[in-house]
Amino acid sequence: MHSYAATIRWTGNQGAGTASYNGYSRDHDILFPGAPMIHGSSDPAFQGDASRMNPEQALLSAVSSCHMLWFLHLGMQAGLVIEAYEDNATAEMAMNPDGSGQFTQATLHPNVIISSGDPSVADKVHHKAHEVCFIARSVTFPIRCEGTIEKR
């Protein structure tokens, strides 16, 4: 069993607390033991600060980085020498009439550069990475992978 801890500290009280919808900031700090603090907010569509990370971005980045870390590991085991990996991931969120919402899908777009190994195994490695990714296994929305691989 692995355990994780995070502290979320709201920093957006502008003097009157949450007395009105527009009267408080959604700004907060996200702290993890031993790691740099992240400044968070809500999406600008929900009164947030676009210069800060929002929860939706954090979820998408967790999906993408977990997939990448598994791909690096499994790719190495499959004989790929990976020199670069960049993912321009996207996601969609649907809103419900009551104001709630949920992610409906995410798509990973990893561009991988290898210097050695068989590029044709990359799709199999992406598939296996998706099967074992802790985050992908924990969410209910579908995640697609549309990767490219280049051998230099």
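Student: Leaving aside its neighbours within four places in sequence, which residues is valine 132 in contact with?

Tutor: Good place to start! This is a predicted model, where local features need pLDDT of at least 70, side-chain atom pairs count only at pLDDT 80 or more, and totals for chains, interfaces and linings use all residues. Residues are numbered from 1 along each chain as its sequence is written, and side-chain values use heavy atoms, leaving out hydrogens and water. With contact meaning heavy atoms within 4.5 Å, valine 132 touches Trp70, Leu74 and Arg137.

Student: Which helix holds valine 132?

Tutor: Helices (H or I, at least four residues) and strands (E, at least two) are DSSP runs, numbered from the N terminus. By that numbering, the place of valine 132 is in helix H2.

Student: How far does helix H1 reach from its first C-alpha to its last?

Tutor: H1 covers residues 55–77, which makes 23 residues. The expected span is 1.5 Å times one less than the number of residues. For H1 that expectation is 33 Å, and the helix comes close to it, with a reach of 33 Å.

Student: Which residues of H1 are buried?

Tutor: Buried means under 20% relative accessible area, exposed over 50%, and partly exposed in between (1.4 Å probe, protein chains only). An α-helix has 3.6 residues a turn, so residues three or four places apart point the same way. What covers the buried residues of H1 includes strand E4 (81–87), strand E7 (110–116) and helix H2 (122–132). The buried ones are Leu60, Val63, Ser64, Cys66, His67, Phe71, Leu74 and Gly75.

Student: Which residue in the turn between E5 and E6 has a positive phi?

Tutor: E5 and E6 run antiparallel, joined by six bridges, and alanine 94 has glutamine 102 as its bridge partner. Five residues lie between the two strands of this hairpin. The turn residue with a positive phi, about 95°, is glycine 99.

Conventions
Two strands pair if DSSP finds at least two bridges between them.
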